[in-house]
Number of protein chains: 2
Amino acid sequence: MKASAISHSNIALIKYWGRQEDGGRGMNLPLNDNVSMTKEGISGGSKLMSHTTVEFSRSYEMDSMVLEGRELTGRELERVRLVVDPLRTKAGVEEHFRIGSRNDFPTAAGLASSAAGFSALAIAASSALGLDLSREELSTWARLGSGSAVRSLHGGFVYWHKGSSHETSFAEKVCQGAPFPLNAVIAIVNEGRKGVSSDVGHEHAHTSPFNSIRTELSQKEALLVRDAILDNDLRTVGSIAERNSKYMHAVMMTSDLPLYYWQGETLKVIRSVHAMRDRGLEVYFTIDAGPNVHCLCRPEDALEVQKELEGGEHVLRTIIARPAEDPHTIDEHLF
Amino acid sequence: MKASAISHSNIALIKYWGRQEDGGRGMNLPLNDNVSMTKEGISGGSKLMSHTTVEFSRSYEMDSMVLEGRELTGRELERVRLVVDPLRTKAGVEEHFRIGSRNDFPTAAGLASSAAGFSALAIAASSALGLDLSREELSTWARLGSGSAVRSLHGGFVYWHKGSSHETSFAEKVCQGAPFPLNAVIAIVNEGRKGVSSDVGHEHAHTSPFNSIRTELSQKEALLVRDAILDNDLRTVGSIAERNSKYMHAVMMTSDLPLYYWQGETLKVIRSVHAMRDRGLEVYFTIDAGPNVHCLCRPEDALEVQKELEGGEHVLRTIIARPAEDPHTIDEHLF
């Protein structure tokens, strides 16, 4: 009863911020449908990938997990059980688990490490347990560990239906990369951990006066972006993604636990993107719950965007990413 | 027919951002009532004051004005005429004017130089013309040059009634400084000119999805802040001012001419203010249309706040300001 999987991180084009009240903490039901690109790093030495091995065995006296060489305890291990327990019950298995997981990119710096991790976890755990579940169902279990993990259960472009219950809040593939050639040039300005985790931040979204407008607009924009992806319309996808990202940060900054994920370097990259666009380069930014900036452009413009970004001293390094393949099991185990 | 006046800058506690549509450009009628402190610098070598001399004379063949040694032309001179022409007409005078004006602080860097300037202009011009107008009426004429100038026609704390016509949009004094001892420690992080003037920015406020909520909340908060000033309630004034300022910047950043007045240094000062408050110092921030930050605190805490702010390399210098006296005419002419 041992299996391993890899899964890629994702970048939201329409953001998930704040949870449905009835959904409670454990369910991670978002306030609005949202859209993302599952991303594979193709430069900078990082595939933006999580590799996770799960084993159930009578020889284990307790559940345990090692993430990046660190033994998880308390709340962190509890989050893992939120995903594994229902699968273990479904399979009628009582053995304890041992899990190992590694990311090939910085953890908790707004690059959605938890999304890749919990997605790989759901795939590896269900495989180790001998369960044959659809991607859509697996996405609902990954969601219990981290909301945005739901979207990493598919490669390419992904639509997360907010739903109103555990079963109805799942991820669906919009398309693989082909009909919409897109690159994200990620400007990394800080690789440290976030001060406030998004898990905590979500709880405060409703205290911002802008939260309900953001939610309402995002619900509409999710549909617009999905259509524009299928129409290969970068201008629409990019301009909506850019403003949707700002709506989220406006909510974050004005909640009663004000969250300032931006840094000075973030603002400099924003200005660079405007400057590039002003001189005709079609590039748009989006920023997750962290200081780093994803710059969305056509693959043929990615090197120029990269060069421009790396010209600034405020950018530590960049990673170019493209739509990733579907996550899947692999034979290579971490232990 | 020559007179001079001094007037101080002001810092909004409830912001003016965006104009009533029917008011048109020339009228500067705000979307919501707003509140400010007219401020006198008491450290840092700047009183945050404008000194303006106006003379009408047959010897002048055209209207002219020198601001900070620079001869104004075009749109800038037009704005001056918007204030002076109605006063000249009211006085039945046909002579051209010559005006000189100087600020003792950086121009157009979010320290409301235009507010002090147009307020001093209204006072000096009306005095030179021999008009005896109330402060409230004078405030309406200053408003035509720059919206926020309306508030500098009084010292202390000031309430700008948004009104719905030229006559009904005027400034009223809430109180002089005494009942509410307040200092603003201004963290100057950049002394350069703004990229986009607030005059242009106002025109785009309505394109932000958050504009109407900001307006509605600000209208309520203006009344709350006025009452809290009279109650000497710093916690209420400070916390409302701080969030109201963030509402304005959220609108600015999400309008279709996105305005990012914040810089990295601005974010660092925001974090300093949170850190100071976390350890029990009662201090709140507010940010106008520029990168500099006003930190509001009790006079007895101002030196500690100043020390903390100046400890950061990102702060160029600070100015401590207190509620200013009323603006008034003076005998000293600039030419």
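How many residues does the contact take from chain A and from chain B? In this predicted model, in which local features need pLDDT of at least 70, side-chain atom pairs count only at pLDDT 80 or more, and totals for chains, interfaces and linings use all residues, the contact (heavy atoms within 4.5 Å) takes 20 residues from chain A and 20 residues from chain B. Residues are numbered from 1 along each chain as its sequence is written, chains are lettered from A and ligands numbered from 1 in the order in which they are written, and side-chain values use heavy atoms, with hydrogens and water left out.

Of the area that chain A buries against chain B, 32% is supplied by A:Phe210, A:Lys246 and A:Tyr260, more than by any other three residues. Zero salt bridges are counted between chain A and chain B, a salt bridge being a side-chain nitrogen of Lys or Arg within 4 Å of a carboxyl oxygen of Asp or Glu. On the side of chain A that touches chain B, α6 (211-230), α7 (234-253) and α8 (264-278) of chain A each supply at least two residues, and α8(A) gives the most, with five residues. Helices (H or I, at least four residues) and strands (E, at least two) are DSSP runs, numbered from the N terminus.

Within chain A, six strands form an open sheet of mixed pairing in the order β6-β5-β7-β4-β1-β14, where two strands pair if DSSP finds at least two bridges between them. The edges are held by β6 (70-71) and β14 (328-330) of chain A, each with a single partner strand, so one side of each is left without a neighbour in the sheet. Strands β5 (residues 64-67) and β7 (residues 96-103) of chain A run parallel and are joined by four bridges, with A:Gly100 in β7(A) as the bridge partner of A:Val66. Helix α2 (residues 74-91) of chain A packs on this sheet, where it touches β4 (49-57), β5, β6 and β7 of chain A, and its direction makes about 120° with that of β7(A); axes are lines fitted to C-alpha atoms, for helices over the stretch in contact, and angles run from 0 to 180 degrees between N-to-C directions.

In chain B, strand β4 (residues 49-57) and strand β7 (residues 96-103) run antiparallel and are joined by eight bridges. B:Phe56 stands opposite B:Phe97 in β7(B), and B:Thr53 stands opposite B:Gly100 in β7(B).

Over all chains, the structure holds 32 salt bridges. One of these is formed by the side chains of A:Glu40 and A:Arg322 (3.3 Å, N to O). Because A:Glu40 lies in strand β3 (residues 34-41) of chain A and A:Arg322 in strand β13 (residues 317-323) of chain A, the pair ties together parts that are 282 residues apart in sequence.

Methods
Buried area is the accessible area (1.4 Å probe) that two parts lose on being put together, summed over both.
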